Amino acid sequence: MTHAAATAAVMRAPFPAEPGAGVYSNKLGMWVFLASDVMFFTALIGTYIILRFGVTAPWAAPAAVLNVPLTALNTFLLICSSVSMVKAYAAIADGKKYFLRAIPGKTLRDGGLKFWLLVTMICGAAFVSVQVVEYIKLVGHGFTPAGYREGSLLAEHAAADAVRYGAATAGLYGSTFFTMTGFHGFHVTCGVISMTYLYLTKVLPEKYSAQDYRGIEVIGLYWHFVDLVWIILFTIVYLI
Amino acid sequence: METVAHKRPNYIAIWGYLFVLTVIEVTAAFLSHIPKRWLILILLFLAIWKALLVAMYFMHLKFERWRLRAVFIIPLPLAIILVLAVITEKIW
């Protein structure tokens with residue numbers, strides 16, 4: 001057996017597969033949902049691209065309006081949550097239901113499902129919190145879904161430098177920015193709520209085992225997709 | 001169990017990879033003097049690279065059967081067609 005084939009055999013979960021698809025129905029259902037979500041986010045991101053590169057008037061430089069270092073920190077948080085999610089999956093696939101367990105001869109403790117899923121939930125909640133703080137600050141500076149608020153700091157800047165602050169396209173920028181990042185934040189919030197529910201009803205009572213961890217694999221797929229979408233959004237909205 | 005753990009991808013290494021690529025992205029966007037057109041291409045390339053790492057190793061697409069991969073891959077060209085169709089309409 002080749003290394004790739006051996007790895008593939010290990011990664012395949014020990015649950016009955018649906019005929020045809022070759023995977024259990026919960027997982028197939030999540031993949032189909034994610035495929036539909038690809039089209040949903042394409043509509044949002046595509047609209048932004050078409051509006052931004054289709055208008056003839058100047059568009060605001062992201063760094064002039066948005067807090068890019070804060071969002072870079074948020075990106076780091078989401079990447080950390082993705083790796084902790086996959087560590088939670090690996091832990092339960094190995095039957096590690098515990099929180100932390102001492103390893104003989106080592107100072108670091110071995111994390112189980114309870115530990116890694118809690119880390120994921122904390123990182124996810126921190127991401128949403130930072131996003132809320134970002135929104136409050138942006139609106140405070142005058143950047144709203146309708147553009148720059150009259151009399152605000154950003155409106156004054158835009159009056160002084162219409163090109164850098166994209167004065168003529170601020171309405172388009174505000175509506176597309178808040179729609180895209182808002183829907184993504186909504187996805188993250190739904191993920192955190194779902195994980196909290198699973199944590200309280202299935203993880204803490206130790207209902208998952210090495211023989212059945214479908215819930216963790218399915219919520220993991222959703223969570224990684226949310227991370228994947230943010231990777232694209234961060235580049236397109238904050239860096240370009 | 002030890003053999004099973006050994007055969008899984010090194011998730012921490014993938015995390016390090018993603019972190020380094022993000023740092024390169026932010027540095028290229030704000031500290032480099034690359035022309036705008038090239039910068040956009042470089043940033044998109046890095047973003048797609050990172051997204052592929054997440055899909056292949058964290059979502060385990062690399063280890064899934066082709067029929068399941070198709071569920072996720074088929075919407076991608078459709079998504080590109082959707083955007084291109086609207087852009088083309090604007091040009092016409």
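Trainee: How many residues does the largest nonpolar core have?

Mentor: This is a predicted model, in which local features need pLDDT of at least 70, side-chain atom pairs count only at pLDDT 80 or more, and totals for chains, interfaces and linings use all residues. Residues are numbered from 1 along each chain as its sequence is written, with chains lettered from A and ligands numbered from 1 in the order in which they are written. A nonpolar core is a set of buried Ala, Val, Leu, Ile, Met, Phe, Trp, Tyr and Cys residues joined through C-beta atoms within 7 Å, buried meaning that 20 or more other C-beta atoms, placed from the backbone, lie within 10 Å of a residue's own. Those with the most contacts inside the largest core include Tyr222(A), and the core has 71 residues.

Trainee: Which helix gives the most to this core?

Mentor: Helices are DSSP runs (H or I, at least four residues), numbered from the N terminus. Helices of chain A and of chain B each supply at least two residues, among them H2 (11–30) and H3 (36–58) of chain B. The one that gives the most, with 17 residues, is H8(A).

Trainee: Is H8(A) roughly parallel or roughly antiparallel to H3(B)?

Mentor: Axes are lines fitted to C-alpha atoms over the stretch in contact, and angles run from 0 to 180 degrees between N-to-C directions. H8(A) and H3(B) pack at about 175 degrees, with their axes 9 Å apart. Because angles over 145 degrees count as such, H8(A) is roughly antiparallel to H3(B).

Trainee: Which helix provides the largest share of the side of chain A that touches chain B?

Mentor: Contact requires C-beta atoms, placed from the backbone, within 7 Å. The interface takes 39 residues from chain A and 41 residues from chain B. The largest share of the chain A side, 11 residues, comes from H2(A).

Terms used
Buried ≥ 20, exposed ≤ 12 C-beta atoms within 10 Å, placed from the backbone. Parallel < 35°, antiparallel > 145°, perpendicular 65-115°, else oblique. Contact = placed C-beta atoms within 7 Å.
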